[in-house]
Amino acid sequence: MKIKRIILSVSLVSLVVIVWPTALAEKKYAYQLTSDITPIILPVIKNIEKKIEINLSRQNLALWENDKKIAEYIVSTGKKSTPTKTGSFSVISIYPTAYGGDAAMTWGMPYFLGIYVAGGQENGIHELPFINGWRESSADLGYPVSHGCVRLPIGKAELVYNWAEIGTPVNIHY
């Protein structure tokens with residue numbers, strides 16, 4: 001049986017060749033190829049440097065890509081008795097929903113990005129939590145009322161969650 005080799009495309013990275021019997025290539029229903037195939041040149045993908053900045057004085061969170069601010073959201077950070085730590089951290093865990101609390105109070109924290117450990121538990125960035133089954137009010141945003149975590153509005157936390165990666169730097173300051 002005779003074999004025909006047909007070059008489908010050529011790029012800077014690969015050469016695709018399909019091999020099939022001559023009899024199939026000669027049938028009317030076989031693929032029609034032309035000699036004017038133009039290689040596709042793919043764009044160079046640049047490394048994107050991401051970072052998260054949290055300003056405790058302003059109660060806001062900003063997302064940065066390559067030193068350009070791409071988004072900014074109002075947040076609620078830790079109250080005086082359970083403050084949000086300042087410093088340079090990074091995303092150390094990612095959970096669709098994290099849970100915490102004690103016998104008196106339980107939290108469900110959607111879109112959780114863990115950033116540091118405090119008192120044996122992770123503090124992180126997440127959507128307004130469910131406290132004992134009830135969603136925290138968005139009226140708390142802009143005020144330091146959390147137990148150390150950084151709380152984002154409903155919908156915005158999902159955007160941050162999908163954007164960030166393990167290792168994304170997080171800078172928290174006044």
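## Y161 and the aromatic pairs

Y161 is buried, with a relative accessibility of 16%. Here buried means under 20% relative accessible area, exposed means over 50%, and partly exposed lies in between (1.4 Å probe, protein chains only). This is a predicted model, in which local features need pLDDT of at least 70, side-chain atom pairs count only at pLDDT 80 or more, and totals for chains, interfaces and linings use all residues. Residues are numbered from 1 along each chain as its sequence is written, and side-chain values use heavy atoms, with hydrogens and water left out.

The structure has three aromatic pairs. Rings of Phe, Tyr and Trp (its six-membered ring) pair if their centres lie within 6.5 Å; planes under 30 degrees apart are stacked, over 60 edge-to-face, and the rest tilted. Y95 is partly exposed at 39% relative accessibility. F112 is buried at 2%.

Y161 belongs to an edge-to-face pair with Y111, at 5.4 Å centre to centre and 65 degrees between the planes. That pair, too, links distant parts of the chain: Y111 sits in strand β8, Y161 in helix α2 (residues 156–163), and 50 residues separate them. Y111 is partly exposed, at 24% relative accessibility.

## The chain as a whole

The chain holds two helices and 13 strands. Helices (H or I, at least four residues) and strands (E, at least two) are DSSP runs, numbered from the N terminus. The chain has 174 residues, and 33% of them count as buried.

Contact means heavy atoms within 4.5 Å. Take the contacts in the chain with a separation of 6 or more: residues 24 or more positions apart account for 55% of them.

A62 lies in strand β4. A62 is buried, at 4% relative accessibility. A62 and E72 are ten residues apart along the chain, yet their C-alpha atoms are separated by 4.3 Å. Leaving aside neighbours within four places in sequence, A62 is in contact with K51, I52, E53, K69, A71 and E72.

K51 also has a place in a charge–ring arrangement: its charged end sits over the ring of W64, 5.5 Å from the ring centre. A charge sits over a ring if NZ of Lys or CZ of Arg is within 6 Å of the ring centre and within 35 degrees of the ring normal.

N66 is in the loop between β4 (60–65) and β5 (68–74). N66 is not a glycine, but has a positive phi of about 50 degrees. N66 is partly exposed, with a relative accessible area of 42%.

## Two buried loop residues

T77 is in the loop between β5 and β6 (87–90). T77 is buried, at 1% relative accessibility. Not counting residues up to four places away in sequence, T77 touches I54, L56, Q59, T84, Y143, P144, V145, S146, C149 and V150.

E136 is in the loop between β11 (134–135) and β12 (150–152). E136 is buried as well, at 8% relative accessibility. Its side chain joins that of R151 in a polar contact of 2.7 Å. A polar contact is a pair of N or O atoms within 3.5 Å; within protein, one must be able to donate a hydrogen and the other to accept it, and residues adjacent in sequence count only if both atoms are side-chain atoms. Leaving aside neighbours within four places in sequence, E136 is in contact with L128, P129, I131, V145 and R151.

N132 lies in the loop between β10 (130–131) and β11. N132 is not a glycine, and has a positive phi of about 50 degrees. At 40% relative accessibility, N132 is partly exposed.

## The largest pocket

The largest pocket has a volume of about 360 Å³. A pocket is found on a 1 Å grid over the protein atoms alone, as an open set of points where a 1.4 Å probe fits, with protein on both sides within 12 Å along at least five of seven lines; lining residues have an atom within 4 Å of a point. Grid points are joined across faces, edges and corners, and the volume is the space filled by probe spheres set on the points.

The lining comprises 20 residues, of which W107, Q121, E122, N123 and C149 lie nearest the centre of the pocket. Strands β7, β8 and β9 (121–127) each supply at least two lining residues.
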